[in-house]
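Morning, everyone. Please look at the screen while I talk. I'll take salt bridges, then a sheet.

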Amino acid sequence: MKSTVETLSSTRVRLDIEVPYADLTEYVADAYKAVASKVNIPGFRKGKVPAAMIDQRVGRGSVIDEAINNALPQFYGMAAREHEVLVVGRPEVDIKEYVDNEKLVFSVEVDVRPEVTLPDFSKITIEVDDLAVTDSDIDEQVDELRARFGTLMTVERETKDGDFVTVDLTAKIDGAEVDGGKANDISYEVGSNRMIDGLDAALLGMKAGDVKNFETQLVGQKDDEKGDVEIKLKAVKERELPPVDDAFAKLASEFDTIAELKADFAERLKRVKAMEQGAQARDLLLKKMIDDLDIPVPDKLVTDEVNEHLEGEGRLEDAEHRAEVDGQVRTSIKSDFLLDAIVKAEEVQVNEIELTEYLIRTSQRYGMPPEQFAKQLQDAGQISQLVAEVSRTKALAGVLGRVNVVDKSGNKVDLEALRPQTPPAAPIDSEE
């Protein structure tokens with residue numbers, strides 16, 4: 001097989017491939033076997049029909065077409081690997097010439113990853129928010145802890161934010177009760193905004209025994225449609241919180257004094273805010289590189305992804321939304337190209353411990369056992385995609401360590417101090 005590559009643009013190439021017939025013979029033989037297993041010719045058992053008889057009854061052209069269709073992906077893949085073409089998207093194949101018993105000539109145009117010139121990370125400065133733990137931050141933590149030890153007391157007054165109420169709710173559309181739209185004795189915290197839009201505002205000022213209706217959009221309704229919800233308020237309760245003193249500290253924690261409890265909260269908050277600084281620096285670095293670097297994106301790849309997204313939403317004709325999704329897809333693809341370039345330049349490898357930790361964290365977000373989550377990924381053929389994602393995360397974290405990170409007050413931020421130390425382990429091959 002002979003092949004050449006021509007660069008058509010920064011994101012597209014054409015491979016011209018010539019395959020001698022000798023390299024096609026096994027595909028032709030397999031095609032004859034496939035046709036022989038399908039045709040019924042009197043006097044011959046299925047699968048035992050001679051090639052000459054197939055040529056006579058079916059036509060050699062049909063056999064050659066099947067052979068070529070099966071051979072094209074193999075020879076295209078070999079040519080792409082030979083020229084180190086990093087393919088993205090679907091190839092467009094054009095068969096130029098076929099001379100029986102002599103050669104097959106075809107070309108493939110396909111989108112490719114662009115060359116990304118990475119910056120000198122040591123010359124980049126990222127500014128993050130100051131690490132500041134205020135008294136109000138600590139008080140908020142104390143109040144959350146107090147709320148866990150608070151008691152609810154029934155009161156005879158109008159409802160206000162922060163109260164807990166017991167209500168019956170009935171949803172109606174055009175005066176008819178919605179199927180499954182009735183719920184009784186619901187306990188709800190006013191102001192939490194955790195249920196139906198408009199419920200919090202409607203509850204304010206109500207007293208036990210009051211009934212009120214309000215308009216809102218119900219599940220399954222279109223954006224311009226509204227339904228009605230009836231509220232029956234049965235009880236109003238306020239939460240009484242324990243006093244902030246040493247006795248509370250002993251009750252709610254391992255500390256003997258409230259001062260010790262607050263000091264512990266202060267240290268915990270410093271750690272959390274330091275981690276937030278690291279996450280902010282990572283996001284800002286990625287955004288800066290995407291904004292600053294010229295990373296071309298194949299238009300066809302973008303269009304295909306945008307169309308797939310809009311089709312799933314049933315909004316293919318929504319021009320305004322299309323423009324929004326187009327921008328999001330372009331940024332996402334640029335990010336992948338950039339991070340993969342860093343992975344390659346930094347020779348990043350992922351070990352089993354890192355992959356396992358990522359699996360556990362991700363499975364928790366989906367509420368699944370790690371083993372079940374890993375099996376689903378394997379069944380879907382997405383393990384290599386998972387390894388790529390972990391590699392990108394590790395690569396960005398690695399170069400972030402060479403970036404100058406300062407807070408808004410000009411203080412240098414030491415991100416290395418936040419990095420967990422992972423013991424070495426065998427690397428994972430992303431091709432597995």
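**Salt bridges and a sheet**

R315 and D318 form a salt bridge, with their closest N and O atoms 2.9 Å apart. Keep in mind that this is a predicted model. How accessible are the two partners? R315 is partly exposed, at 35% relative accessibility. D318 is partly exposed too, with a relative accessible area of 25%.

Some salt bridges share partners. That is how R113, D336, D340, E389 and R392 are joined into one network.

How many salt bridges does the structure hold? The count is 34. Let me pick out two more.

Take K408 and D129. Their side chains meet in a salt bridge, 3.0 Å from N to O. Where do they lie? K408 is in the loop between β12 (404-407) and β13 (427-428), and D129 is in the loop between β5 (125-128) and α4 (135-148), so this pair ties together parts that are 279 residues apart in sequence. Now check accessibility. K408 has 51% relative accessibility, and the cut-off for exposed is over 50%, so K408 counts as exposed. D129, at 34%, counts as partly exposed.

Next, R157 and E238. They form a salt bridge, and the closest N and O atoms are 2.8 Å apart. R157 lies in the loop between β6 (151-154) and β7 (164-173). E238 lies in strand β10 (residues 227-240), so the pair ties together parts that are 81 residues apart in sequence. R157 has a relative accessible area of 21%, which makes R157 partly exposed. E238 is partly exposed as well, at 26%.

Now the sheet. In which order do its four strands come? The order is β1-β2-β4-β3, the sheet is open, and the pairing is antiparallel.

Which strands sit at the edges? They are β1 (2-9) and β3 (87-99), and each of them pairs on one side only. On average, neighbouring strands of this sheet are turned by 20 degrees against each other, direction ignored.

Zoom in on β1 and β2. β2 covers residues 12-20, and seven bridges join these two antiparallel strands.

Definitions and conventions. Residues numbered from 1 in each chain as written. Predicted model: local features only at pLDDT ≥ 70, side-chain atom pairs only at ≥ 80, totals over all residues. Heavy atoms only, no water. Salt bridge = Lys/Arg side-chain N within 4 Å of Asp/Glu carboxyl O. Buried < 20%, exposed > 50% of the residue type's maximum accessible area, 1.4 Å probe, protein only. Pairing = 2+ DSSP bridges. Axes fitted to C-alpha atoms, helices over the stretch in contact; angles between N-to-C directions.
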